[in-house]
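Let's walk through the side-chain contacts in this one, ring by ring and charge by charge. Have the model open as you read.

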Amino acid sequence: MEIIKFQSDDVLKNLYNEKYSKTEIDSTYDEFWLKYVSEKKYPTLKLLTVKMCTMFGTTYVCESAFSKMNCIKNKFRSRLTNEHLEMMMKIATTNHNPDLKQLVESKICHFSH
């Protein structure tokens, strides 16, 4: 019944057409369901959609991490310990971009002669 009710909801159709008809579907689909579709009005559909949208994102993250691990732990690094592998995986999977200019400027160089 929720599907029939959802398909006949002209307010949501118009809203989607106004806001998202000219944009790429992949980037707006999640946003539309999270912002505009009421959980009170369509509880089962909303729950199912959220589960479907998040399922593939977690698979991608997992596959990406395994790929990075395979690059780190290859035949040339066969003596890599689990502790070092863990540290390297943290570096490989982080989104942090350090401010190298600021780090270099904060260090004092000591020249021997």
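Is K41 buried, partly exposed or exposed? K41 is partly exposed, with a relative accessible area of 38%; here buried means under 20% relative accessible area, exposed means over 50%, and partly exposed is in between (1.4 Å probe, protein chains only). Before going on, bear in mind that this is a predicted model, so local features need pLDDT of at least 70 and side-chain atom pairs count only at pLDDT 80 or more, while totals for chains, interfaces and linings use all residues. Residues are numbered from 1 along each chain as its sequence is written, and side-chain values use heavy atoms, with hydrogens and water left out.

Back to K41, which makes a salt bridge with D9, the closest N and O atoms being 3.3 Å apart. To count as a salt bridge, a side-chain nitrogen of Lys or Arg has to be within 4 Å of a carboxyl oxygen of Asp or Glu. This pair links distant parts of the chain: D9 sits in the loop between α1 and α2, K41 in the loop between α3 and α4, and they are 32 residues apart. Helices here are DSSP runs (H or I, at least four residues), numbered from the N terminus.

A search of the whole structure turns up 2 salt bridges. The other pairs K90 with E86, with the closest N and O atoms 3.7 Å apart. Both residues lie in helix α5 (residues 82-93), 4 residues apart, or about one turn of the helix. K90 is exposed at 54% relative accessibility, and E86 is partly exposed at 46%.

Now for the rings. Rings of Phe, Tyr and Trp (its six-membered ring) pair if their centres lie within 6.5 Å; planes under 30 degrees apart are stacked, over 60 edge-to-face, and the rest tilted. That rule gives 4 aromatic pairs. One of them is F6 with Y42, edge-to-face at 5.4 Å centre to centre and 90° between the planes. F6 lies in helix α1 (residues 2-7) and Y42 in the loop between α3 (25-35) and α4 (43-72), so the pair ties together parts that are 36 residues apart in sequence. Y42 is buried at 1% relative accessible area, whereas F6 is partly exposed at 22%.

Another edge-to-face pair is Y16 with F32, at 5.0 Å centre to centre and 80° between the planes. Y16 is in helix α2 (residues 10-20) and F32 in helix α3, 16 residues apart. Y16 is partly exposed at 21%, while F32 is buried at 5%. Finally, ring pairs link F6, W33 and Y42 into a cluster.

Note on methods:
Helix = DSSP H or I, 4+ residues; strand = E, 2+ residues; numbered from the N terminus.
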